[in-house]
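User: I am new to this structure and would like to go through it step by step. Please let us begin with a pair of strands and then widen the view.

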Amino acid sequence: MTPVHALVAKELRSYFVSPVVYVVGAVFLMIFGVLSYLAVVNAGAQAIRLMQMQGAAAQLNLNDLVFRPTFYSMALIVLLILPLLTMRLVAEERKLRTFELLMTSPIKLHEIIIAKFLSVYLVYLGLLALTGLVPLILSIFSSFDWNSVFTGYLAMALLGALFLATGVLASSMTENQIVAAFLSFGLLILVWLLGAFGGIIGDTPLGNTFSYVSFIEHYDRLVRGLVEAKDLMYYASGIVLMLFLAHRVVESQRWK
Amino acid sequence: MIEVLNVTKRYGELTAIDRVSFRVEKGEVLAFLGPNGAGKTTTMRILTCFMPATEGTARVAGFDCFDQPQEVKRRVGYLPETPPLYQELTVTEYLTFTGRLKGMSAKDLRNGLDRVVERLSIGDVRHRLIANLSRGYKQRVGLAQALLHDPPVLILDEPTVGLDPKQIIEIRDLIKSLAGSHTVILSTHILPEATAVCQRVVIISGGRIVAEDTPDRLSARLRRSEKISVTVKHPTADMAAQLRALTGIVGVFEQDHGTFLLESELGRDIRDDIARLIVGQGWGLLELRTIAMTLEDVFLRLTQHEEGLEAALASEGATT
């Protein structure tokens, strides 16, 4: 077992002995369930209306009526929930002085940051996998295009990774967990709103830059089923940038 | 084994340590003695590569703390001032984690775990959560973490703080048993602790090294007296003899015409007796002041009595 494995295992253990993961996970799953249930009810109502108008059973598109709206709404929910999982990662170690143990052990700083990120990402992927029950159950009663469901999950996995990397950066900036959580909320909402600004400014270089920096556009395309290299690149470079900044923040604090 | 050369650390405007240099040979136990805020922790943090020095070089086991931190970290066991414990883990889980963090193989880890658990007598609490342990046990688990991978160099920041007298004796015996096979630096602000455990003492105060020697020779250098400087206007020939006749005076030295350096017994203030004699004799008192010597000043602050510990030592002597 390498030091990185050991740190990931320890972080996972710390997550699952504390109530945070259970509470956050329960809320996350409940919201996903309620949102998709509402979408299904809405789709049913539309089906009845269509039947009355046309007099025949219409073929409904569950991808359009259930999965896409749920994934769109989940982007905001994930933004609100994930900072609560990342806030403790570095801030708590600082506060309790256990960071001194990590920093004086033969594990490199970038390995520490990556291990911290990986551990919380595994927790998130676990939660995401549990929501897979919704399409599984729906597939018993109806048929839909699995491919665009998968790209929707890919979108959520990438968006979550970016949010979690931002959370690691925020947590490395302070000793206070509440401050860390709010820093990541602030950062993420700011980046989100850049997209809205981009839409207002329109098709100018500045507007296009804003739209590109924001994650909405990239998330959108994936949820609609379009997998493009430029969107994957956006997420990959965003995650690397956030983790790199976290590394620089911790390193610079050593010199003070 | 450890070489520190002209190391300076500044935090913004504040200079925590100022051109500190010392060496520790292989197998030696060195005490880092100084009052709180003297720069002990800062020096240790530089040696363990937790933070870089502003100037100067520090080397451990032949590796530079700045250029080859991984090599240094692999060879050092470190107990910080606050034991770095994860409250939510059990003792075994915690030690297993720290062992893996230090890159130990499964076999080494098993052996190391048994060794430190026995050595620090924490077998009873192996499966308990660290959060529920007492202060003394927590300190010992922290020490177990430092010893686990059997590093050649140990850096212990105030290892006996917060322990009861019996535990202090155990930990000191443990550190003494490490001498020869391990190189140890330990910091303390208690002089008797340094003399009890270490072969050599470095005294640090205000970020500078003020003395470095064996405990015996340092004690010899510590004069057991207080010094008072007196200046009078009209000294007479028998003045020195009359001053010497005062109770409590140990020595009288004439420094200048009319200026005398008096040494009195430690802990006894006889300034009013001196003043009364001088005024009564009509010598004309101009100045009367006590002299604080830097090294001795440091010593006075450090020479705290360990009453509880002395009692425990005495009772242990009686039972064996």
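User: Which residue of β9(B) is the bridge partner of F32(B)?

Analyst: The model is a predicted one. Strand β3 of chain B covers residues 29-33, and β9 of chain B covers residues 200-205. These two strands run parallel and are joined by four bridges. Within β9(B), the bridge partner of F32(B) is V202(B).

User: Which strands of chain B form the edges of the open sheet?

Analyst: The open sheet has six strands with mixed pairing, in the order β6-β7-β8-β3-β9-β10 (chain B). An edge strand pairs on one side only, and this applies to β6 (76-79) and β10 (208-213) of chain B.

User: What angle does the direction of helix α5 of chain B make with that of β6(B)?

Analyst: Helix α5, residues 135-147 of chain B, packs on this sheet. The helix touches β6 and β7 (153-157) of chain B. Its direction makes an angle with that of β6(B) of about 170°.

User: Which helix gives the most to the side of chain B that touches chain A?

Analyst: The contact takes 20 residues from chain A and 22 residues from chain B. On the chain B side, α2 (69-75) and α3 (91-101) each supply at least two residues. With four residues, the element that gives the most is α3(B).

User: How far apart do the C-alpha centres of the two domains of chain B lie?

Analyst: Chain B is divided into domain 1, spanning 2-220, and domain 2, spanning 222-298. The distance between the C-alpha centres of these domains is 45 Å.

Note on methods
Residues are numbered from 1 along each chain as its sequence is written. Chains are lettered from A and ligands numbered from 1 in the order in which they are written. This is a predicted model: local features need pLDDT of at least 70, side-chain atom pairs count only at pLDDT 80 or more; totals for chains, interfaces and linings use all residues. Two residues are in contact if their C-beta atoms, placed from the backbone, lie within 7 Å. Domain bounds come from an automatic or database domain assignment. Two strands pair if DSSP finds at least two bridges between them. Axes are lines fitted to C-alpha atoms, for helices over the stretch in contact, and angles run from 0 to 180 degrees between N-to-C directions.
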